[in-house]
Amino acid sequence: MIRTVLGTFAALALFVAIPRSQSAAPDLILQNGRIYTVDAANTVAEALAIRGDRIERVGSDVDVLRLRGPATRVIDLNGAAVVPGLHDSHGHVTGLGESLQNLDLRGTTNYQQIVDLVRMRVAMAKPGEWIVGRAWDQNDWADTRWPTHEALSAVSPANPVYLTRVDGHAGLANKAAMDLARLSSASADPPGGQIIRGERQEPTGVLIDNAQALVASRIPPPSDRQLEEQILLADTEMRRLGITTVHDAGTDGRVVDAYKRLMDAGRMKTRVYVMLRGSLASLQPFFAKGPVADDARHRLAVRAIKIVADGALGSRGAAMLEPYSDEPSSRGLLTTSPEEIYAQTLAASKAGFQTAVHAIGDRANRLVLDTFERVQKEVPGSRSLRMRVEHAQILDAADIPRFAALGVIASMQATHATSDMPWVPARIGRARMEEGAYVWRKLIASGARIANGSDFPVEEPDPLRGLYAAITRQDPAGQPAGGWMADQRMTRAEALASFTREAAYAAHAESLTGSLEAGKLADLVVLSSDVMQRSEVEILKTTVRMTIVGGEIVYESRRR
Ligand SMILES: [Zn+2]
């Protein structure tokens, strides 16, 4: 009896299910385009059909238009190029949102411009309210020495000011901010940080790496409403730029909860692959719960952690095996102890979490690879967690093949290379530079996978700028001619894959995103020009016409 009923149910289910799935027509067909699928054979197709949140078919116009039903919307691409939804494999979502809220100092060419911008902001602020800004870079000024606080303190006597350097590894505070932090000539440098001082040991206002927290920790945290506003500002920006998945390179449970709220309410559309950052104690509840690979709609994955091993090259904080060429007394800083890096990697691996470690200098990279190798031996199966090195900028030749050997992903940012190239030779000298600075070609040749990103808001979030930098190793003005260390450029196909297929692999999402193939999520971008064929300069002029996430048009430019 029971068997009969079950049998009847099964038969009914088949009877109902099969005709429905066969008869339902696509919701949307894109036709007459150049669709770069980035499948294993890099197939280029004409048309693509979407049903629900999935790609139904990819192929010729004739083949795909055959599926058209009475309710199917058909978009004629008029030959436009389509690429898979782009991943930014290393971005800071709330940082981007915050930068859109705060003073943007990018592009300032001298200190006085910054002082003027702060003066204008002070005029609008309430007394005591913090003035926060970011992205100054003294390397862009005629005088490239560190600034000092006096001019800033003069225009803002009552409002604390804190301005972060472009790489996030140094900050400039005014007197009001330093007073709140009780900074004085008697203050000691914290571990992994440095207070820049004047002749009488007095703080000049510039704080390096871990010393930034002395002042930054005094800035009140954003309210839930401010946090949601940051996330939504970033979400809007990412949709406009064709970013359909972001790997959030270091966040916490509060932000994860905000993502959930905004996604459930249908307000946030960009998919997020979260790397949790915090103390081992703060990570334990996530480890106890285990990796969260997906919600039903694959919007949010929480299965990775982020550790920061060293500082940045611009502020000479990157941990080097040998001293800096332009500061022989320094080899940079480890910002997290080797013991802590090991302990977090071990705990994450046991819990089935991927570990991603920021490592810029060759000493930090070696330490991280050593740690990964050790943990892979100690935790069987942990190699399949696809451990990642974030940045991997300066590598010792001996360490380059270890990425492929250990199955470690090199999560790199093409625009970091083209932003840093003017001063890299001074920092590390020509020999170390040619051996291992931003060596994409050497890594690919060794069998490593490179996931590309921007590290926004450190760099511009536009992935097409990254694509251009990956292909040319030139700045937007086309300098230097032929490209910096031109033998390390990526091909166009490799560059596109690094923002799609390879990035999806780095997020354990290659069965869902990263290429345009039947059955995968319908995440794709329609571009204003064909970045795979047109001149390199034209890549920089290319804009996104339409962004589709899970079959839904989430951005459309006004002129199509
Ligand atoms: Zn970062």
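Colleague: Is E378 buried, exposed or partly exposed?
Modeller: Its relative accessibility is 39%. Buried means under 20% relative accessible area and exposed means over 50%, with partly exposed in between (1.4 Å probe, protein chains only). E378 therefore counts as partly exposed.

Colleague: What kind of model is this?
Modeller: Residues are numbered from 1 along each chain as its sequence is written, and side-chain values use heavy atoms, with hydrogens and water left out. Local features need pLDDT of at least 70, side-chain atom pairs count only at pLDDT 80 or more, and totals for chains, interfaces and linings use all residues, since the model is predicted.

Colleague: Which residue pairs with E378 in a salt bridge?
Modeller: A salt bridge is a side-chain nitrogen of Lys or Arg within 4 Å of a carboxyl oxygen of Asp or Glu. The closest N and O atoms here are 3.1 Å apart. Both residues lie in helix α12, 4 residues apart, about one turn of the helix. The partner of E378 is R374.

Colleague: How far apart are the end C-alpha atoms of α12?
Modeller: Helices (H or I, at least four residues) and strands (E, at least two) are DSSP runs, numbered from the N terminus. The expected span is 1.5 Å times one less than the number of residues. The 17 residues of α12 (residues 362-378) should therefore span 24 Å, and the distance between the end C-alpha atoms agrees at 24 Å.

Colleague: Which elements do the buried residues of α12 pack against?
Modeller: The buried residues include L367, V368, L369, F372 and V375. Charged D362 and R363 are also among them. Their packing partners are α11 (338-350), β18 (354-359), β19 (388-391), α13 (400-406) and α15 (424-436).

Colleague: Where do E510 and R386 lie, and how many residues are they apart in sequence?
Modeller: The two form a salt bridge, with closest N and O atoms 2.9 Å apart. E510 lies in the loop between α19 (501-506) and β22 (524-527) and R386 in the loop between α12 and β19, so the pair ties together parts of the chain. R386 is buried at 13%, whereas E510 is partly exposed at 29%. Their separation in sequence is 124 residues.

Colleague: How many salt bridges does the structure hold?
Modeller: Side chains of opposite charge can pair when their charged atoms come close. E390 and R388 do this at 2.7 Å, and both are buried. R366, D370, E373, K377, D396, D399 and R402 are linked in a network. The structure's total is 39.

Colleague: Which residues does A249 contact, leaving aside neighbours within four places in sequence?
Modeller: A249 lies in strand β15 (residues 243-251). It is buried, with a relative accessible area of 1%. Contact means heavy atoms within 4.5 Å. A249 is in contact with H90, G91, H92, M275 and K306.

Colleague: At what angle do the axes of α10 and α11 cross?
Modeller: Axes are lines fitted to C-alpha atoms, for helices over the stretch in contact, and angles run from 0 to 180 degrees between N-to-C directions. Under 35 degrees counts as roughly parallel, over 145 as roughly antiparallel, 65 to 115 as roughly perpendicular and the rest as oblique. The helices are therefore roughly parallel to each other. The axes come within 11 Å and cross at roughly 10°.

Colleague: Which prolines follow a cis peptide bond?
Modeller: Most residues other than glycine have a negative phi, and most peptide bonds are trans. The bond from F456 has omega near 5°, and the bond from Q479 has omega of about -10°.

Colleague: What is phi of H298?
Modeller: H298 sits in the loop between α10 and β17 (300-308). It is buried, with a relative accessible area of 18%. H298 is a residue other than glycine, yet phi is positive, near 60°.
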